[in-house]
Structures are given as structure tokens and as C-alpha cells.
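The sequence and the structure are shown first.

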Amino acid sequence: MARRAVGGTGGAGGAGMKAARRPEVRLPPLEPYGGGGLEPDGDYDGLEFAEADFAGQDGRGARFMDCALTGCALDETRLHHARVLDSVLTGVRGVGTDLAESTLRDVELVDARLGGVQLHGAVLERVLVRGGKIDYLNLRTARLKDVVFQGCVLVEPDFGGARLERVEFVDCELKGVDLSAATLKDVDLRGVASLEIARGVDRLAGAVISPAQLLDLAPVLAAELGIRVEG
């Protein structure tokens with residue numbers, strides 16, 4: 001079973017800012033997945049899924065605990081209300097994966113290639129997203145606590161109405177991010193290499209940014225405040 005990291009990462013300095021706690025997943029010896037399709041409300045414990053094709057399958061309400069998913073295809077896979085606990089997902093790929101209202105706790109997502117992932121209303125706690133690229137990530141009204149995005153590219157991620165607490169972005173690219181109605185607390189954006197906020201710049205209270213990022217965001221902030229800047 002995963003052993004949880006107790007301390008912070010040390011990356012989120014700054015007065016009064018609390019660092020995110022990363023998951024520390026140590027999987028037990030795993031049994032190879034025997035094949036076959038996913039089942040609604042299925043219970044998957046201590047299994048290794050290698051190069052499995054779950055495209056179009058229905059695993060709504062399923063529970064994955066102490067599992068490793070490597071190189072799996074998740075195109076249009078229905079995992080609404082699923083629970084992914086103490087698990088590692090490496091090199092998963094797919095478009096339109098439905099993880100709405102799911103729970104991800106003590107999870108590592110490594111080198112994913114995903115598009116249009118539905119995670120609206122989901123709960124993410126002690127999650128590390130490292131490497132890879134995710135297009136059009138839908139996290140509307142989701143709750144993120146102790147989540148780290150590291151070395152990944154997020155294209156037009158939607159955090160509308162979400163609550164982010166102790167969330168860090170390290171060596172990431174955030175393109176066209178939507179923060180409309182989001183609530184941020186102890187969110188560290190200083191490690192974002194490219195920060196583009198399409199909507200919700202007024203929701204940055206509770207985040208920390210670098211001086212260089214402040215200069216980059218100055219035109220957007222001025223427009224939000226109705227300030228005219230003339231030479």
C-alpha cells in the first residue's frame with residue numbers, strides 16, 4: 001500500500017505559504033491483469049495493467065487500489081465516480097476519458113497523453129502529475145488538495161469554480177487557463193515557464209507568482225481593473 005509523504009516538497013517557499021505534500025507510492029507485488037473488459041463498480045486490487053485497451057469500456061464506480069496502469073488506452077473510457085487509490089498510471093493515453101466526480105488519492109500520473117479528460121466535480125488529494133501533455137482538462141468545480149503538476153503541458157485547462165489548496169506548478173506550461181470563480185489557497189505558480197490566463201485573472205488571490213510573471217500579466221490585470229495604459 002502507498003506510504004504517504006508527511007512533509008512538503010520544499011518548493012513552495014514564501015512567507016506563510018504551505019507546500020504541497022506529494023504522494024509516495026510504494027506498490028506491493030502485483031498480479032498481472034487477466035484481461036477482459038472493465039465492469040461497472042468493479043473492484044481491482046493489486047493488479048498490473050500493461051498495454052490494456054479500455055477504449056469505450058464502462059468502468060463507472062470502479063475502484064482501483066494498489067494498481068499500476070502502464071501504456072493503457074483510455075479513449076472514451078467511462079470511469080464516472082471511480083476511485084483510484086495508491087496507484088501509478090504511466091504513459092496512459094486517450095481522448096474523452098470520463099473521470100467526472102471521481103476520487104484520485106495518493107496517485108502518480110506520469111507521461112500521460114490525454115485530451116478532453118472530464119474530471120469535473122472530482123476530488124484530487126496527494127496527486128503528482130509529472131511529464132506528458134493534457135489538452136482541454138476539465139476540472140470545473142473539482143477539489144484539489146496537495147496536488148503537484150511537474151514538467152507537464154496543460155493546454156486550456158478549465159479550473160472554473162474549482163477549489164485549489166496547496167497546489168504547485170513546477171516547470172510547467174499553462175496555456176489558456178480558465179480560473180473563473182475558482183478559489184485558490186497556497187497555490188504556487190512561480191514554477192510555470194509559460195503562464196497564459198484566458199479567464200479569471202481576478203481569482204489569483206491566494207496564489208504566489210514571480211516578479212517576471214507579474215510583468216507578463218500586467219496587461220491582463222490592467223484590463224481587468226479597467227486601467228488604460230497610454231504612452
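Where is the place of G206? In this predicted model, G206 sits in the loop between β13 and β14 (207–208). The residue is partly exposed, with a relative accessible area of 34%. Its C-alpha atom is separated by 9.2 Å from that of M17, although the two residues are 189 apart along the chain. With neighbours within four places in sequence left aside, G206 is in contact with M17, L184, K185, D186 and V187.

**The chain as a whole**

The protein chain has 1 helix and 14 strands. A compact globule of 231 residues would have a radius of gyration near 17 Å, and the 18 Å of the protein chain therefore agrees with that expectation. Along its principal axes, the C-alpha trace spans about 70 × 35 × 25 Å. Of the 231 residues, 51% count as buried. Among contacts between residues at least 6 apart in sequence, 14% join residues at least 24 apart.

**Cavities**

A search of the whole structure finds 2 cavities of 30 Å³ or more. The largest cavity has a volume of about 320 Å³. Its lining consists of 25 residues, of which L89, L99, L104, L109 and L114 lie nearest the centre of the cavity. The elements that contribute two or more residues to this lining are β6 (83–90), β8 (103–115) and β9 (123–135). By class, the lining of the largest cavity comprises 24 nonpolar residues, 1 polar residue and no charged residue.

The second largest cavity holds about 70 Å³ of space. Its lining is made up of F159, L164, F169, L174, V177, L179, L184, V187, L189, L195, I197 and L204. Two or more of these lining residues come from each of β12 (163–178) and β13 (183–199). The largest share, 5 residues, is given by β13. The lining of the second largest cavity has 12 nonpolar residues, with no polar and no charged ones. Two of its lining residues, L184 and V187, are also among the contacts of G206.

**Residues between β7 and β8**

T97 is found in the loop between β7 and β8. T97 counts as buried because its relative accessibility is 1%, where buried means under 20%. The side chain of T97 reaches the backbone oxygen of L74 at 2.6 Å. Beyond its neighbours within four places in sequence, T97 is in contact with L74, E76, T77, L114, G116, V117 and Q118. One of these contacts, L114, is also one of the residues that lie nearest the centre of the largest cavity.

E101 likewise has its place in the loop between β7 (93–95) and β8. Its relative accessibility is 37%, so E101 counts as partly exposed. E101 and A82 are 19 residues apart in sequence, and their C-alpha atoms are 7.7 Å apart in space. Not counting residues up to four places away in sequence, E101 touches H80, H81, H120, G121 and A122. With H81, the contact includes a polar one of 3.2 Å between the two side chains.

**D178 in strand β12**

D178 lies in strand β12, one of the elements that line the second largest cavity. Is D178 buried or exposed? With a relative accessible area of 6%, D178 is buried. Its side chain forms a polar contact of 2.6 Å with the side chain of S180. A further polar contact, of 3.1 Å, joins the side chains of D178 and R199. Residues up to four places away in sequence aside, D178 touches R140, P157, D158, F159, G160 and R199. Among these, F159 also belongs to the lining of the second largest cavity.

| Side chain | Partner | Distance |
|---|---|---|
| D178 | S180 side chain | 2.6 Å |
| D178 | R199 side chain | 3.1 Å |
| E101 | H81 side chain | 3.2 Å |

Methods: Residues are numbered from 1 along each chain as its sequence is written. This is a predicted model: local features need pLDDT of at least 70, side-chain atom pairs count only at pLDDT 80 or more; totals for chains, interfaces and linings use all residues. Side-chain values use heavy atoms; hydrogens and water are left out. On a 1 Å grid over the protein atoms alone, a cavity is a set of points where a 1.4 Å probe fits but cannot get out, and a pocket is an open set with protein on both sides within 12 Å along at least five of seven lines; lining residues have an atom within 4 Å of a point. Grid points are joined across faces, edges and corners, and a volume is the space filled by probe spheres set on the points. Helices (H or I, at least four residues) and strands (E, at least two) are DSSP runs, numbered from the N terminus. Ala, Val, Leu, Ile, Met, Phe, Trp, Tyr, Cys and Pro count as nonpolar, Asp, Glu, Lys and Arg as charged, and the others, Gly among them, as polar. Buried means under 20% relative accessible area, exposed over 50%, partly exposed in between (1.4 Å probe, protein chains only). Contact means heavy atoms within 4.5 Å. A polar contact is a pair of N or O atoms within 3.5 Å; within protein, one must be able to donate a hydrogen and the other to accept it, and residues adjacent in sequence count only if both atoms are side-chain atoms. The radius of gyration is taken over C-alpha atoms; the globule rule is 2.2 Å times the number of residues to the power 0.38.
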